[in-house]
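Please look over the following structure with an eye to how its chains meet. The paragraphs below begin with a term that the description relies on.

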Protein chains: 2
Amino acid sequence: MDIEATVEQMARSAKQASVIVSRSDTETKNNALAALARRLESEAGFLMTENRKDLDQGKKAGLSKPMLDRLTLTRAAIEDMARGLREVAALDDPVGAVVKTWMRPNGLQVSRVRIPLGVIGIIYESRPNVTVDAAALCLKAGNAVILRGGSEARNSNGALAVLIQKGLEEAGLPGDAVQVIPVTDRKAVLAMLQAEECIDLIVPRGGEGLIRFVVANSRIPVLKHYKGVCHVYVDADADLLMAGEICFNAKVQRPGVCNAMETLLVHQDIAAAFLTHAAPRLQKAGVELRGCPETCRILPGVKAAQEEDWPAEYLDLILAVKVVSDMEAAVDHITRYGSSHTETIVTSDYARARRFVREVDASVVLVNASTRFNDGGQLGLGAEIGISTSKLHAFGPMGLEELTTTKFVVFGDGQIRTT
Amino acid sequence: MDIEATVEQMARSAKQASVIVSRSDTETKNNALAALARRLESEAGFLMTENRKDLDQGKKAGLSKPMLDRLTLTRAAIEDMARGLREVAALDDPVGAVVKTWMRPNGLQVSRVRIPLGVIGIIYESRPNVTVDAAALCLKAGNAVILRGGSEARNSNGALAVLIQKGLEEAGLPGDAVQVIPVTDRKAVLAMLQAEECIDLIVPRGGEGLIRFVVANSRIPVLKHYKGVCHVYVDADADLLMAGEICFNAKVQRPGVCNAMETLLVHQDIAAAFLTHAAPRLQKAGVELRGCPETCRILPGVKAAQEEDWPAEYLDLILAVKVVSDMEAAVDHITRYGSSHTETIVTSDYARARRFVREVDASVVLVNASTRFNDGGQLGLGAEIGISTSKLHAFGPMGLEELTTTKFVVFGDGQIRTT
């Protein structure tokens, strides 16, 4: 098989399908999502049989236990996917929404109207549920989508592709609106990244290496998320009990995700009081602390942090801790080492709360709340397709609106331009 | 001089300066714009002396008359630049605007707040007024900017850079917030395109070759505008007098710009009546028509259009004309040959007006108005930095808002995440 030609042909079919999907009404798109949900449930046996092939090969290939877990389609996981589809169907359709309307002095009525992006390419790793989630969000926002999953999930994704296309056709939509690339090597990725005439957006989901490869080779705009080096700054005027709860939640509740806290910054005036209160609970939960000299003085026995700890995204039960002279020093530290992802201040001081919010450069800045809230569902966007840490188009969690753009619609009565 | 190292150093300085500019209040930014306007006026002699060097070299190098015209800084052109600066100062500051606020069931108050993009790189050709316009818009939106102008305007841009930096410093802002790269070869462009750690957005303004070079080589998001192949579709139910006025304006008022009409589509039922009415006036104004067979039948003597005429951006007094069977055929033609720029329907039919607006894929879609209104000033955005024909981040004219993004600001009372 000629991979480049195959991908190019898929991109062209996707572009044609995208025209039809972009003009489809909400009910038709929701019918397709409902049809797919029913098929996932009725064909769960088929899905699990195909998934079993991937799991057998994965075991032979020596995949780690967490990777095999993420790859596994249990009956419960399939039910979760079906529920997710029905949740997306229940979300408001962003397409056609009038964002703003105004009149011009010459009588022209100008509006900005939300429209789909067109064709979205998603490149991801081995979790088959991403296939269904991403397809559902792109479709609901009126887009066609081309999915390139990981080689480990090849059979599972192939089976899902069959069901998705049947679901689309059952609702009267073109099956090519959602296509799964049947080959999984980098050549297929490169071919996607060159298809600038047909694909409007690339979303890479996976490790930093994959994302940097995509950015370096794409002629198509990329929405990306490099890493989450999230801080909690406990201010001199913090409620220390509240700060302890927030830090524990931000670090321990789910340490392996991008919105978990990686570095704790503590104002020097309350450092001793706060750290002697908060550290034992974190340590008891298995958190390894790595402290600045002042932290190590307050908490004897804590390992000294090295320079490489400050920009580290541990994704694990490890926490860097630094005592800072004041909020300015905290903001400077975040500006230097942060990843524009999620930053929290815990404080009771009105002026500092406002200033932190204004000066900290991150997609989500919080006052007195856990970093774990940087999530499309938690912030009320419905579902999310990822979190963008670059500023163009979307910054922060990306929901349905971020899978659309706006066009200008102008109603006139024969106006012409004179200057 | 090591160009790569120079550009890298400029990008780092710009990033530092961007932090200060992003936190500056509206008054400070407006003071800088006003100071620059005064300096342009008081130093007009210096500017014209430097500009004279470029003009002399340009003449020696055999630049065309239109290119020399665009390069020339007359006293009137300098006054125009100063007026433009005062107009940008008068525009609303987009930074800090709360786009939307909502409450979550757990009491979190979530807002989307407008923030600057950071550092913007602008790559453009030989018009020195772009140096001032682009600097003003980027600065007002709270960004730092790095400008790489054309080699033909090297002395003019160098002189403007001096005045801009003095204006910034007079207002207490860092001079490095606006920097002009002193070398003009492609190596400097390449170095900009690699500075992904410091530059957040690249805006290329110029010919399609330059833009494709930038897209192919950039690791930084690019906002681009390839070309404007704009259509006017005259429907069976059009007011033919109105249609004639709109077509004449769209083609003749300023044929060399991207929002001029390049192809006229006419419904077959009114083709003879409309073309015999509209064509003579266009031809009298010097417009060369290139018609489909039916057009040539109606208008004997009109040159036959070739396949390459349909996707052509003439930027000249040439117009391709095609008679279509109905609106669907017109929309299909636009979908196939259009450039997502500007499309107009002239009609009196309510349903077709609505359908055209919904189905045509373009950054600006108009009913009964000239294509020439696709312009930030005309549509009410204030000034514009260009027109985007790709959908990510901005689609259509880009004003101050398009030089910003939003972040999420979350106010809590100690909320933590439980699921």
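A residue is called buried if 20 or more other C-beta atoms, placed from the backbone, lie within 10 Å of its own, exposed if 12 or fewer do, and partly exposed in between. The model is predicted, so local features need pLDDT of at least 70 and side-chain atom pairs count only at pLDDT 80 or more, while totals for chains, interfaces and linings use all residues. Residues are numbered from 1 along each chain as its sequence is written, and chains are lettered from A and ligands numbered from 1 in the order in which they are written.

Strand E13 of chain B, residues 364-369, is mostly covered, with six of its six residues buried; strands (E, at least two residues) and helices (H or I, at least four) are DSSP runs numbered from the N terminus. Within chain B, E13(B) runs parallel to strand E12 (residues 342-346), to which four bridges join it, and two strands count as paired if DSSP finds at least two bridges between them. B:Thr342 stands opposite B:Val364 in this pairing.

Taken as a whole, 56 residues of chain A are in contact with 56 residues of chain B, contact meaning that the C-beta atoms of two residues, placed from the backbone, lie within 7 Å. E16(A) gives the most to the side of chain A that touches chain B, with eleven residues.
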